[in-house]
Amino acid sequence: MSPVSVIAIDGPSGSGKGTIARRVAERLGWHLLDSGALYRLVALAGMQSRLAPDDVEGHARLASSLDVRFGMDARGDEQVFLGGADVTRELRAETTGEAASRVAAWQPVRTALIGR
């Protein structure tokens, strides 16, 4: 297996990391993995499932079994589907971002996502 080139962009929430990452990936012809979106998806799935905010194992189980699909709409804008439902807007909501910050710190969730 040949090595894969990776660029990581770090910074505070809402600073434009995703926008820059999409443009760089497009320019270089690379695929984009938005890890922040993955943590937001776990957090959103936890809220939708009514998990307790501190249920680490419950969120880790969700992370290992998320039914998620990334796509583009007709204008070329990002679309994210969770369980077949378009959650693009909910994914970028402030409450989802706050929950994602908590979820991203949990090693069992990180391990579950890396395993995918």
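Four salt bridges are counted in this structure, which is a predicted model. The rule behind that count asks for a side-chain nitrogen of Lys or Arg within 4 Å of a carboxyl oxygen of Asp or Glu. The paragraphs below take up individual pairs in turn.

One of these contacts joins Glu-78 and Arg-22, whose closest N and O atoms are 3.9 Å apart. With a relative accessible area of 29%, Arg-22 is partly exposed.

A further salt bridge is formed by the side chains of Asp-34 and Arg-92, with an N to O distance of 3.2 Å. Asp-34 is found in the loop between H1 and helix H2 (35–48), and Arg-92 in the loop between helix H4 (88–91) and helix H5 (94–104), so this pair links parts that are 58 residues apart in sequence. Arg-92 has a relative accessible area of 37% and is partly exposed.

Another pair consists of Arg-75 and Asp-73, whose side chains meet in a salt bridge at 3.5 Å, N to O. How exposed are these two partners? Arg-75 counts as exposed because its relative accessibility is 67%, and the cut-off for that class is over 50%. Asp-73, by contrast, is partly exposed, at a relative accessible area of 22%.

Beyond the separate pairs, there is also a network: Arg-22, Asp-34, Glu-78 and Arg-92 are joined into one by salt bridges that share partners.

Key:
Residues numbered from 1 in each chain as written. Predicted model: local features only at pLDDT ≥ 70, side-chain atom pairs only at ≥ 80, totals over all residues. Heavy atoms only, no water. Buried < 20%, exposed > 50% of the residue type's maximum accessible area, 1.4 Å probe, protein only. Helix = DSSP H or I, 4+ residues; strand = E, 2+ residues; numbered from the N terminus.
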